[in-house]
Amino acid sequence: MTTGRRVAVRVPATSANLGPGFDTLGLAVSVYDELVVTELDTERVEVEVEGEGAQDVPRDASHLVVRAMAHAFESVGVRMPGVRLEAKNVIPHGRGLGSSGAAVVSGLLAAKGLLEGTVELGPEMLLRLATEIEGHPDNVAPALFGGLTIAWVDETGPQHKKLLVHRGVSPLVFVPEFTMSTAVARSLQPLQVSREDAVFNVSRSALLIAALTQSPELLLAATEDKLHQSYRAAAIPETDRLVRTLRAEGFAAVVSGAGPSVLVLADGPGRRLEAAKLAASVVDTPWEALMLAVDFKGGTVRDAEGATFDA
């Protein structure tokens with residue numbers, strides 16, 4: 001590899017679960033982390049971060065982006081060079097919008113760019129490596145590939161299917177000031193659920209695919225869930241109240257990922273504005289309302305000459 005190679009990476013935020021699709025469904029949305037990685041002529045690691053989490057993230061090789069890069073290089077048997085990482089974080093941390101998944105994908109795409117011409121990191125390998133680090137493919141799949149993704153794991157490893165979202169679907173995300181630990185959220189769920197609840201979620205997950213791709217008018221019914229949100233409600237009561245308030249008025253509101261953000265899948269820009277107005281009038285906790293689009297492209301990496309190598 002040529003010393004001094006420089007690549008730029010852009011990765012979208014994601015919202016996982018989407019109500020009934022626990023650990024399976026994910027959606028990429030138009031909030032992005034961006035970074036530039038420059039290969040150094042020494043083995044040192046330099047990290048500069050601005051934006052979200054700038055005061056909290058490490059400035060050395062333990063940074064999640066750098067660890068993901070190292071994992072990629074190790075997996076293909078190539079020694080990782082020293083790097084300078086310049087990150088601009090926009091995706092909120094600890095809010096259920098896939099910030100850790102985006103960091104993992106950012107590091108893998110940076111490695112893909114630095115390895116271009118030496119080793120090819122294809123989409124299947126990128127998804128496998130990302131899942132090895134993140135633990136679940138539901139956030140990393142849409143971050144890599146964009147759009148609505150169905151993710152699963154079989155005997156050969158993690159798999160995904162990307163679907164195009166109906167143009168009438170208008171995402172709205174309410175982001176609070178407080179955070180939620182994914183590990184804590186998972187600890188609140190039972191290890192077993194009833195057959196009735198399992199069948200309920202299977203039916204809603206199937207309906208949600210139809211609602212998101214063909215029939216947005218079905219989104220309210222399609223986002224019902226009995227597997228995870230109710231068990232986490234006591235830990236994030238403000239989120240639970242906002243979801244219940246919005247759904248009572250006919251809006252397809254769900255907990256975004258592990259929370260505490262709330263995702264509304266509105267069936268049009270007008271309905272999205274109505275949801276934002278309703279939330280502003282009833283909540284007792286500050287929420288930032290983000291009017292977003294579905295990101296259809298996923299993560300990208302380009303070199304200094306502008307050549308792009310998509311995931």
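I looked up the second largest pocket, and its volume is about 290 Å³. The model is predicted, so I kept to its limits: local features need pLDDT of at least 70, side-chain atom pairs count only at pLDDT 80 or more, and totals for chains, interfaces and linings use all residues. Residues are numbered from 1 along each chain as its sequence is written, and side-chain values use heavy atoms, with hydrogens and water left out.

For pockets I used a 1 Å grid over the protein atoms alone; a pocket is an open set of points where a 1.4 Å probe fits, with protein on both sides within 12 Å along at least five of seven lines, and lining residues have an atom within 4 Å of a point. A volume is the space filled by probe spheres set on the points.

**Second largest pocket.** I found 14 lining residues, with Asp-225, Gln-229, Asp-240, Val-243 and Arg-244 nearest the centre. Two or more residues come from each of α8 (229–232), α9 (237–248) and β8 (253–255). Helices (H or I, at least four residues) and strands (E, at least two) are DSSP runs, numbered from the N terminus. α9 gives the largest share of this lining, four residues. By class I noted five nonpolar, three polar and six charged residues.

**Largest pocket.** I read a volume of about 420 Å³. Its lining has 24 residues, and Ser-100, Glu-134, Asn-139, Thr-182 and Ala-258 lie nearest its centre. The elements giving two or more residues are β1 (6–16), α2, α4 (137–145) and α5 (182–187). The lining divides into five nonpolar, 13 polar and six charged residues. Domain 1 and domain 2 each supply at least three residues to it.

**Domains.** I have domain 1 as 5–163 + 295–303 and domain 2 as 170–291; the bounds come from an automatic or database domain assignment. Their C-alpha centres lie 25 Å apart.

**Helix α1.** I checked the length of α1 (residues 64–75): at 1.5 Å a residue its twelve residues should span 16 Å, and the end C-alpha atoms are 16 Å apart, which agrees. The expected span is 1.5 Å times one less than the number of residues. I listed as buried (under 20% relative accessible area, 1.4 Å probe, protein chains only) Leu-64, Val-65, Val-66, Ala-68, Met-69, Ala-72 and Phe-73. These pack against β2 (25–39), β3 (45–51), β4 (83–89), α2 (99–115) and α3 (123–134). Gly-77 follows α1, and its phi is positive, near 75°.

Technical notes: Buried < 20%, exposed > 50% of the residue type's maximum accessible area, 1.4 Å probe, protein only. Contact = heavy atoms within 4.5 Å. Nonpolar A, V, L, I, M, F, W, Y, C, P; charged D, E, K, R; others polar.
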